[in-house]
Amino acid sequence: MPSLNRPARLNRSLLTLFGLLLIAAGSLTLATHFRALTVIDPDAPLVPGTAAPPTWAYYATVAGAILAGLLALRWLLVQLAHKPKSRTWRLESDPDTGRTELPAAVAVAPLTEEIRGYPSVHDAHATLAGERDNAALALVVTAEQDTNITVLRKEITTTALPRLRQALDLDNLSTTLEVRFASATPTRSLQ
């Protein structure tokens with residue numbers, strides 16, 4: 001099951017870079033404070049003099065803050081837009097004899113119901129997007145905290161997804177699987 005999640009890879013890379021920069025700044029500060037590093041005098045004032053900074057410094061600070069805010073807003077919007085757009089599928093080999101339309105939500109309903117029936121799964125949502133030749137499935141599964149992800153993934157990829165591909169008559173279905181953990185494990189009654 002190919003899982004090419006570029007936003008997640010970018011997030012990890014940027015967070016790692018930001019973390020390394022913070023560790024370096026903290027290490028430099030501690031080394032200077034304890035006089036292990038003598039590049040900066042720890043008794044020197046932070047800024048020379050008490051005069052107000054030039055006017056351009058205020059504008060640069062405001063521009064930097066606005067830019068950082070816009071970048072953070074863009075990052076948040078990218079996080080929300082990771083689900084592909086669902087559509088209605090047209091299943092027809094000859095348009096002259098008629099056409100069959102199948103909403104994507106109806107096509108994936110048996111898949112999500114099957115996955116919801118797995119022992120450790122609380123909920124499942126699926127979105128089917130694209131055309132028949134480049135179909136994409138985004139699958140989000142909410143499971144219990146102690147779920148074995150490897151077993152769950154194997155069950156989905158060897159049982160549930162082949163059934164969906166067979167039902168839709170697809171040779172290839174690009175799939176992304178996101179497993180979320182339930183915040184609290186509710187008690188299930190056996191009735």
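Trainee: Where do I start? How many helices and strands does the protein have?

Mentor: Begin with the elements, then look at their order. This predicted model has four helices and five strands. Starting at the N terminus, they run α-α-β-β-α-β-β-α-β.

Trainee: And what share of the residues count as buried?

Mentor: Of the 191 residues, 19% count as buried.

Trainee: What do contacts along the chain tell me? What percentage join residues at least 24 apart?

Mentor: Take the contacts between residues at least 6 apart in sequence; 58% of them join residues at least 24 apart.

Trainee: Where is the kink in helix 3 centred?

Mentor: On Pro-110, with a bend of about 30 degrees.

Trainee: Which residues of helix 3 are buried?

Mentor: Ala-104, Ala-107, Val-108, Leu-111, Thr-112 and Ile-115. Let's zoom in on Thr-112, which sits in helix 3.

Trainee: Why does Thr-112 count as buried?

Mentor: Check its relative accessibility against the cut-off. Buried means under 20%, and Thr-112 counts as buried because its value is 7%.

Trainee: What is Thr-112 in contact with, leaving aside neighbours within four places in sequence?

Mentor: Its partners are Ala-124, His-125 and Ala-126.

Trainee: Now the outside. Which residues form the nonpolar patch on the surface?

Mentor: Val-62, Ile-66, Leu-70, Leu-73, Leu-77 and Leu-80 do, and together they have about 620 Å² of accessible area. One of them, Leu-77, belongs to helix 2, which spans residues 55–80.

Trainee: Is Leu-77 buried or exposed?

Mentor: Exposed: the cut-off is over 50%, and Leu-77 makes it because its relative accessibility is 52%.

Trainee: What about a residue in between, such as Arg-153? How exposed is Arg-153?

Mentor: Arg-153, in helix 4 (residues 149–168), is partly exposed, with a relative accessible area of 39%.

Trainee: What separates the C-alpha atoms of Arg-153 and Val-141?

Mentor: Those two residues are twelve apart along the chain, and their C-alpha atoms are separated by 10.0 Å.

Note on methods: Residues are numbered from 1 along each chain as its sequence is written. This is a predicted model: local features need pLDDT of at least 70, side-chain atom pairs count only at pLDDT 80 or more; totals for chains, interfaces and linings use all residues. Side-chain values use heavy atoms; hydrogens and water are left out. The bend at a residue is the angle between axes fitted to the seven residues ending there and the seven starting there. Helices (H or I, at least four residues) and strands (E, at least two) are DSSP runs, numbered from the N terminus. Buried means under 20% relative accessible area, exposed over 50%, partly exposed in between (1.4 Å probe, protein chains only). Contact means heavy atoms within 4.5 Å. Patches are made of residues with over 30% relative accessible area and no salt bridge: like charges are joined within 9 Å, nonpolar side chains (Val, Leu, Ile, Met, Phe, Trp, Tyr) within 5 Å. Accessible areas come from the Shrake-Rupley method with a 1.4 Å probe; for residues, only the protein chains shown count as cover. A salt bridge is a side-chain nitrogen of Lys or Arg within 4 Å of a carboxyl oxygen of Asp or Glu.
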